[in-house]
Each structure stands twice: as structure tokens, then as C-alpha cells.
Amino acid sequence: MTIRLIKTIAVFCGSNYGASEEFADGARALGQALGESGITVVYGGTTKGLMGIVADAALASGGSVHGVITESLHRRGQSHSGLTRHEIALTLRSRKERMVELADAFIALPGGIGTIEELMEVWTMNQLSEIDKPVGLLNSAGYFMAFLSFIDHMVETKFLPAAHRQSISVDADARRLIEKLLDHTRIDVPKWL
């Protein structure tokens, strides 16, 4: 088995904290694990919510954090001033493109519609072989269980090949999730049923 070379992971997560302290605990554990592993964090560049927690934990663990924030959010004063590297993207679209370019893999934490949209875009890009960069879900407090049930429904109703359900790694433990991404084998089953 070949271990992937992953130097940078893009993290998609909420700019809110959510209703459970478990979400913050998961974000903190992920930031710490990435920092201690020497894996650079790429994220949306703000201090807000789980995004800020991941960045701060990675920095506190000696890690490198690269923020890519939109110009409009930067103008509103939401940029994290303590990052290793900081970029300002003109639009949300250009921000997402830059994060995909910088990352070797992706992890989504609990979050809102932006988090899910970013996750689905990179998962789709992998499915269409536009990229070969593993995708994982940090399933803190079972946050993604309903989402995963919906993905299973896609398989059952023949809109998603069953093999593609396995192309996304899921774990509630940050370190185990990183290991799954390092061990990930690309799914080469065609998307068409």
C-alpha cells in the first residue's frame, strides 16, 4: 500500500461555533493534529467560529496556516492577523479555486451551506477525475450522519455508484481521519450507472 504525500489540507468548516461544544473540540483536535503532523492548513482566513479554532490550534501546535479570504470579508475586518500566510481573493469563486490549487486533500467539519457546497465541489471534481485529492469528513458529534444517509439514498436510487460512497473518508477522530486520507486509494469506477 502506498502512503500519499499530503503536505497541505484544505479545511472547510463553519464560521459559527454550532450548538455543541463537541464541534469546537473536534476543530481544536484537528488543528492540533495537523500542526503536530507538519501538514499545512489552508482555510478561509478568518477568526470566526470553527474556522478560527482550527487555525489557532494548528498555530499553537507549531503548524503552518495559510488563509485565503475574500476581499469583502477582509474589508469587514474578519481576517486572522496571526497566520503564517495570508491571501486575499477577489471573489468567493476565486478563493475556492485557490484553496483547491493549494491543497493535497480536504477535510470538512460541521458547518453550513458554504461548507457543504465546498465539500460537494471537491468530491465532484474527484469523481470526474479533474483532481486526485482525497476528501474526508470529521464527523464530530455525529454531525454528518443525516448527510451520509442522504448519500446512501443517492446510491439506493441509482444516482451514485456504490463505490463512490466509499470515496469519502469519515471519522470522528481527527488523527484517524488524517490516516485514512494518507491511505486513500482513488476510486476509478465510472460515475455513470
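Is Ile9 buried or exposed, and what is its relative accessible area? Ile9 is buried, with a relative accessible area of 0%; buried means under 20% relative accessible area, exposed over 50%, and partly exposed in between, with a 1.4 Å probe and protein chains only. The structure is a predicted model, in which local features need pLDDT of at least 70, side-chain atom pairs count only at pLDDT 80 or more, and totals for chains, interfaces and linings use all residues. Residues are numbered from 1 along each chain as its sequence is written, and side-chain values use heavy atoms, with hydrogens and water left out.

**Overall form**

- The protein chain contains 8 helices and 7 strands; helices (H or I, at least four residues) and strands (E, at least two) are DSSP runs, numbered from the N terminus.
- The radius of gyration of the protein chain is 16 Å, which agrees with the value near 16 Å that a compact globule of 193 residues would have. This radius is taken over C-alpha atoms, and the globule rule is 2.2 Å times the number of residues to the power 0.38.
- Along the principal axes, the C-alpha atoms of the protein chain fill a box of roughly 50 × 35 × 30 Å.
- Of the 193 residues in the protein chain, 50% are buried.
- Among contacts (heavy atoms within 4.5 Å) with a separation of 6 or more, 71% join residues 24 or more positions apart.

**Surface and charge**

- The protein chain exposes about 9,500 Å², and carbon and sulfur atoms supply 54% of this area. Accessible areas come from the Shrake-Rupley method with a 1.4 Å probe.
- The 19 positive and 22 negative charges have mean positions 4 Å apart. Lys and Arg count as positive and Asp and Glu as negative, while His and the chain ends are not counted.

**Helix 4**

- Helix 4 spans residues 92–102, and its buried residues are Arg95, Lys96, Met99, Val100 and Leu102. Seen down the axis of helix 4, these residues fall within an arc of 165°, so they line one face of the helix. The arc is that of the directions from the helix axis to the C-beta atoms.
- The face turned away from the buried side of helix 4 carries the exposed residues Arg93, Glu97 and Glu101.
- An α-helix has 3.6 residues a turn, so residues three or four places apart point the same way.

- Ile9 belongs to strand 1 (residues 8–12). Leaving aside neighbours within four places in sequence, Ile9 has contacts that include Leu34, Val41, Phe106 and Leu181.
- Ile9 and Glu101 are 92 residues apart in sequence and 11 Å apart in space, C-alpha to C-alpha.
- Gly44 lies in the loop between strand 2 (40–43) and helix 2 (49–60), and is buried, with a relative accessible area of 3%.
- Not counting residues up to four places away in sequence, Gly44 touches Met51, Val68, Ile69, Arg95 and Met99. Arg95 and Met99 are among the buried residues of helix 4.

**Residues in other loops**

- Asp104, in the loop between helix 4 and strand 5 (105–108), is partly exposed, with a relative accessible area of 25%. Beyond residues up to four places away in sequence, Asp104 touches Leu5, Ile6, Lys7, Thr8, Lys133 and Pro134.
- Ser129 is found in the loop between helix 5 (113–127) and strand 6 (135–138). Although Ser129 is not a glycine, its phi is positive, at about 60°.
- Ala141, in the loop between strand 6 and helix 6 (145–156), has a positive phi near 55°. Ala141 is partly exposed, with a relative accessible area of 42%.

Note on methods
The place of a charge is taken as NZ of Lys, CZ of Arg, CG of Asp or CD of Glu.
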